[in-house]
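Here is a short briefing on a two-chain model.

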Amino acid sequence: MIKFENITKKYGDTEVIKGVSMEIKDGEFVVLIGPSGCGKTTCLKMINRLIEPSSGTIYIDGQDISKMDPIELRRNIGYVIQQIGLFPHMTVRQNIELVPLLKKWPKEKRLKRVEELLNLVGLPPEQYMNRFPSELSGGQRQRVGVARALASDPDIILMDEPFSAIDPIARTQLQDELYELQEKLKKTIVFVTHDIDEALKLADRICIMRDGTVVQFDTPEEILKNPASEFVENLIGKKRIWRKPELVSVKDIMITNPVKALPSRTLAQAVEIMAESGVDSVLVVDGKNRLLGIVTAENIRKNKDRAKKLEEIYTRDLYTVRPEASVVEAFRLMSQKKIGYVPVVDEDNVLQGLVTRSTLVNLLGENLE
Amino acid sequence: MVSEYVDFIVQRMDDILLFSAQHLQLSFTAILIAIAIGVPLGIVMMMLPRISPLILGISNAVQAMPSLALMGFMVPLLGIGSTPSIVMVIVYALLPIIKNTYTGLTGIDKAIIEAGTGMGMTEFQLMTMVRIPLALPIIMAGIRISAVMAVGYTTLAALIGAGGLGQLIYRGISMVNSKMILAGAVPAMVLALLIDRLFSFLERLVTPKGIKL
């Protein structure tokens with residue numbers, strides 16, 4: 001367990017960490033996230049004492065780390081940074097066996113460990129062991145970086161934006177692999193990123209930081225459901241909240257320019273409007289855009305006289321929703337009333353938009369991704 | 001003209017070989033001592049960044065001093081012969097070595113150093129396992145510049161009786177014998193070029209495989 005107790009860090013007069021207290025449990029994957037300068041990397045580097053706090057105490061398994069030998073401490077904590085952290089003059093094997101070497105493991109044991117780890121991260125040892133980092137792709141280098149951090153089987157692994165310099169495809173793959181690896185190994189991982197997708201994908205708990213303080217420290221589900229502040233909402237993004245349909249309001253997904261017509265239009269004109277827009281119904285609104293009713297192609301077909309005005313035939317009683325209503329409500333309404341669309345109006349009955357079944361299906365589709 | 005010169009060279013072959021050997025010995029002694037002083041000084045500068053401007057300043061100033069004048073100062077202090085001339089050459093050879101050692105050691109990617117520290121390397125391990133191997137090609141480049149310069153400066157050594165190819169040159173000047181001057185100058189050039197080749201070979205040899213690509 002890693003425990004931060006009232007940690008502060010000052011550089012001159014600027015306080016970059018303002019009293020952080022938190023606990024990271026054994027076997028937990030915690031992601032520190034926030035805008036640059038929020039103190040996430042500083043907090044990470046305090047765990048292996050690359051940075052010393054100005055005040056406060058960090059405990060690992062109840063032991064105050066400021067009283068531990070930093071060299072010894074670091075050798076027992078895995079550390080992964082961006083791909084450039086590999087030693088360019090050492091082979092993959094030499095890079096991975098470095099900490100075991102520093103810990104004076106015998107040669108055979110080191111070699112065995114290197115092979116084991118390369119297999120674990122999906123790089124066949126006989127093929128990659130003697131290559132230099134410059135002979136590897138970005139993704140492969142990062143795999144070696146992870147293998148190196150695991151070399152002496154530490155309980156804690158610190159990862160400082162390990163995948164940020166890697167192309168998106170390789171990054172997704174590495175994230176998946178890391179997740180699987182963690183399922184197997186159950187290490188305590190502290191991972192810094194500025195990518196909320198990455199955080200949501202990997203974390204058991206996410207620690208959101210801003211200006212040197214912890215804004216919210218909770219599970220991804222809880223953060224998505226109950227963002228602690230507007231800052232958190234913005235960080236996870238409007239789109240992100242959609243993943244929880246009950247949090248998505250109708251106004252976020254409605255069609256904002258539904259096909260509409262004035263009641264004075266003739267049926268012939270209405271048919272033309274529908275054909276033009278490729279829809280089978282038209283909302284009838286007055287001059288102030290207030291919703292009066294709806295006319296469907298079905299209604300028109302029943303009327304032979306195409307010179308009739310819309311006001312003579314439109315359906316007046318229809319179900320509407322408010323823009324603030326959740327999509328779940330809208331969906332419920334549509335399935336209960338067996339309708340394919342529902343107009344969105346504000347309190348003055350002014351038309352705001354339209355929600356259709358297909359909009360909702362699209363939304364669900366995104367959720368299934 | 002050319003055949004005359006060749007004849008002259010052949011006649012004086014013994015002298016030329018002797019002086020070349022002296023020349024090489026003087027230059028190499030100076031270079032080795034300059035390495036022994038310069039590389040550690042560069043390391044000290046890296047570890048104590050506060051004094052690095054001082055060391056760089058002094059070596060820059062010394063470098064800027066006219067070599068003849070420097071030699072003039074050496075004589076009352078160290079007498080004549082090989083000692084003062086070696087000291088003079090060392091003084092000039094130091095700057096490129098110090099500078100390159102310092103630049104090589106400090107120019108290493110911070111992320112690499114941080115990775116090393118974060119993995120629990122001691123300062124000493126970081127120096128011997130990471131910094132020096134990575135800086136070695138740059139340090140060697142400095143040594144190469146110094147070595148070529150040393151061969152050139154060593155011709156001045158003849159002025160204070162240390163021997164070397166300079167002896168032929170000065171003898172040539174005083175006798176107004178251009179063949180004699182060339183008999184000293186051409187071998188000195190050849191030596192300088194050979195040394196350059198030798199050190200560039202060494203440079204490639206010490207470049208770690210992983211950063212050669």
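A261(A) has V284(A) of β12(A) as its bridge partner. This pairing belongs to a predicted model. β11(A) and β12(A), the latter spanning residues 281-285, pair in the parallel sense over two bridges.

**The sheet in chain A**

- The strands β11, β12 and β13 of chain A form an open sheet of three strands, in the order β11-β12-β13.
- Pairing across this sheet is mixed.
- β11 (260-261) and β13 (291-296) of chain A are the edge strands; each has a single partner strand, so one side of each lacks a neighbour in the sheet.
- Helix α14 of chain A, residues 267-277, lies across β11, β12 and β13 of chain A.
- The helix α14(A) runs at about 120° to β12(A).

**Nonpolar cores**

- The largest nonpolar core holds 123 residues.
- Which residues have the most contacts inside it? They are V31(A), L32(A) and A93(B).
- Helix α7 of chain B, residues 123-154, gives the most to this core, with 15 residues.
- Leaving aside residues up to four places away in sequence, V31(A) touches F191(A), T193(A), A199(A), L202(A), A203(A), I206(A) and C207(A).
- A second core is separate and has 27 residues. Among them are I294(A), V327(A), Y341(A) and L354(A).
- I294(A), in this second core, falls within the residue range of the edge strand β13 (291-296) of chain A.

**Chain B**

- How many helices and strands does chain B have? The count comes to ten helices and zero strands.
- The C-alpha atoms of chain B fill a box of roughly 70 × 40 × 20 Å along the principal axes.
- Chain B has 213 residues, of which 40% count as buried.
- Among contacts in chain B with a separation of 6 or more, 74% come from residues 24 or more positions apart.

**Contact between the chains**

- Chain A brings 21 residues to the contact, and chain B brings 20 residues.
- On the side of chain A that touches chain B, α2 (70-75) and α4 (98-102) of chain A each supply at least two residues.
- By class, that side of chain A has 13 nonpolar, five polar and three charged residues.

Key. Residues are numbered from 1 along each chain as its sequence is written. Chains are lettered from A and ligands numbered from 1 in the order in which they are written. This is a predicted model: local features need pLDDT of at least 70, side-chain atom pairs count only at pLDDT 80 or more; totals for chains, interfaces and linings use all residues. Two residues are in contact if their C-beta atoms, placed from the backbone, lie within 7 Å. Helices (H or I, at least four residues) and strands (E, at least two) are DSSP runs, numbered from the N terminus. Ala, Val, Leu, Ile, Met, Phe, Trp, Tyr, Cys and Pro count as nonpolar, Asp, Glu, Lys and Arg as charged, and the others, Gly among them, as polar. Two strands pair if DSSP finds at least two bridges between them. Axes are lines fitted to C-alpha atoms, for helices over the stretch in contact, and angles run from 0 to 180 degrees between N-to-C directions. A residue is buried if 20 or more other C-beta atoms lie within 10 Å of its own, exposed if 12 or fewer, and partly exposed in between; C-beta atoms are placed from the backbone. A nonpolar core is a set of buried Ala, Val, Leu, Ile, Met, Phe, Trp, Tyr and Cys residues joined through C-beta atoms within 7 Å.
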